[in-house]
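Biologist: I'd like to learn how to read a protein model, one feature at a time. Could you walk me through this one?

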Amino acid sequence: MKRYSALALLKAGLTGQRGWERAWRDPEPKKSYDIVIIGGGGHGLATAYYLAKVHGLRNIAVLEKGWIGGGNTGRNTTIVRSNYRQKPLHDLFDFALDLWEGMSDALNFNVMFSPRGALFLGHSDGDMTALAQRGDALRCDGIDAELLTRAQVQRLVPLLDMAPNARFPIHGGLIQRRGGTARHDAVAWGYARAADALGVDVIQNCEVTGFAMTGGRVSGVATTRGAIAAVASAFAWRAIAARSRRLRASSFRSKRTRYRPSSPSRSSR
Ligand SMILES: Cc1cc2nc3c(=O)[nH]c(=O)nc-3n(C[C@H](O)[C@H](O)[C@H](O)COP(=O)(O)OP(=O)(O)OC[C@H]3O[C@@H](n4cnc5c(N)ncnc54)[C@H](O)[C@@H]3O)c2cc1C
């Protein structure tokens with residue numbers, strides 16, 4: 001895989017943009033893979049990449065019925081954050097936020113992650129109470145969350161309509177400063193390119209139309225480009241499961257921050 005860098009960009013710019021190679025191959029589907037992943041969105045491509053990168057599997061296919069990143073991955077609001085409400089989501093999304101922060105470097109692909117902060121507005125006293133509760137729950141788990149007063153929101157985003165008779169009057173907000181935005185379809189491209197470099201076949205225009213079952217288990221798929229067997233051995237799955245347990249134990253950071261409850265009534269002024 002040709003490494004992307006400022007120097008490579010400069011060189012290509014000075015030589016008529018010649019010499020760029022395909023970001024990923026366009027392989028014909030093989031008859032059989034160890035792992036077949038259906039759907040070339042962020043999840044499918046990331047799964048393929050980490051199975052190859054972390055678990056050492058190589059014989060993997062990602063089957064995409066259209067073009068990669070053409071599903072929800074390519075049409076979402078692009079917000080990146082970990083400020084959800086339940087504990088399991090805190091762990092999962094905070095781990096994901098860590099990934100976002102290092103993703104462009106890890107994939108050698110600019111996913112345009114911009115940690116400019118994710119701000120949620122409260123439009124009533126009830127909203128502010130809910131935001132305060134959410135912020136308290138987040139801080140209990142060591143995730144950054146700050147309840148902002150109306151004046152603080154106005155200072156942060158001067159373009160907002162703060163008039164009391166606005167259609168959605170603003171009472172305050174909850175901000176996660178570590179959150180931000182990323183270009184989600186670039187994530188699909190970045191994972192596809194990095195997975196391809198590790199030997200993963202990313203196959204577009206290949207719709208899965210059915211499953212082959214053997215002994216009650218899925219053993220392959222029917223596609224618009226022929227049947228493909230999926231034959232990962234039980235040994236491979238056990239190895240993946242064991243490594244995942246070890247990764248999980250070491251990944252979820254134990255964060256201890258002092259818990260300070262917020263007061264919605266103070267904040268909404
Ligand atoms: C309007 C909107 C806004 C959103 N905003 C945000 C946001 O701000 N922040 C955020 O983090 N998340 C957001 N999300 C959620 C986020 O986009 C999804 O969680 C994420 O894209 C899901 O990725 P995925 O890979 O699971 O699915 P997708 O990206 O949808 O990928 C699934 C792929 O599977 C393919 N496929 C389907 N059936 C078959 C088949 N039979 N054979 C082969 N391929 C098939 C599809 O073509 C598609 O490419 C938003 C979603 C939407 C819809």
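Modeller: Four strands make an open sheet with mixed pairing, in the order β1-β12-β11-β10. The edges are β1 (32-33) and β10 (208-214), each pairing on one side only. This is a predicted model, where local features need pLDDT of at least 70, side-chain atom pairs count only at pLDDT 80 or more, and totals for chains, interfaces and linings use all residues. Residues are numbered from 1 along each chain as its sequence is written.

Biologist: What counts as a strand, and when do two strands pair?

Modeller: Strands (E, at least two residues) and helices (H or I, at least four) are DSSP runs, numbered from the N terminus. Two strands pair if DSSP finds at least two bridges between them.

Biologist: How many bridges join β10 to β11?

Modeller: Six, and β10 runs antiparallel to β11 (residues 217-223). Within that pair, Gly210 sits opposite Ala222 of β11.

Biologist: Next, the inside. What is a nonpolar core?

Modeller: It's a set of buried Ala, Val, Leu, Ile, Met, Phe, Trp, Tyr and Cys residues joined through C-beta atoms within 7 Å. Buried means 20 or more other C-beta atoms lie within 10 Å of a residue's own; 12 or fewer is exposed, in between is partly exposed, and C-beta atoms are placed from the backbone. Here the largest core has 39 residues, and Leu45, Ala48, Ile60, Tyr191 and Ala195 touch the most other members.

Biologist: Which element gives the most to this core?

Modeller: That's α6, with eight residues. Among the others supplying at least two residues each are α2 (42-53) and α3 (87-107).

Biologist: And which residues does Ala48 touch?

Modeller: Leaving out residues up to four places away in sequence, Ala48 touches Ile37, Ile60, Val62, Ala195 and Val200. Touching, or contact, means that the C-beta atoms, placed from the backbone, lie within 7 Å. There's also a second, separate core of 14 residues, including Leu138 and Val153.

Biologist: Last one: how do I read phi?

Modeller: Most residues other than glycine have a negative phi. Thr78 has a positive one of about 70°, though it isn't a glycine. Thr78 lies in the loop between β3 and β4 (79-80). Asn108 also has a positive phi, near 55°, and its place is the loop between α3 and β5 (118-122).

Biologist: Why does Thr78 count as partly exposed?

Modeller: Because Thr78 has 16 C-beta neighbours inside 10 Å. Asn108 has 15 inside 10 Å, so Asn108 counts as partly exposed too.

Notes: Two residues are in contact if their C-beta atoms, placed from the backbone, lie within 7 Å.
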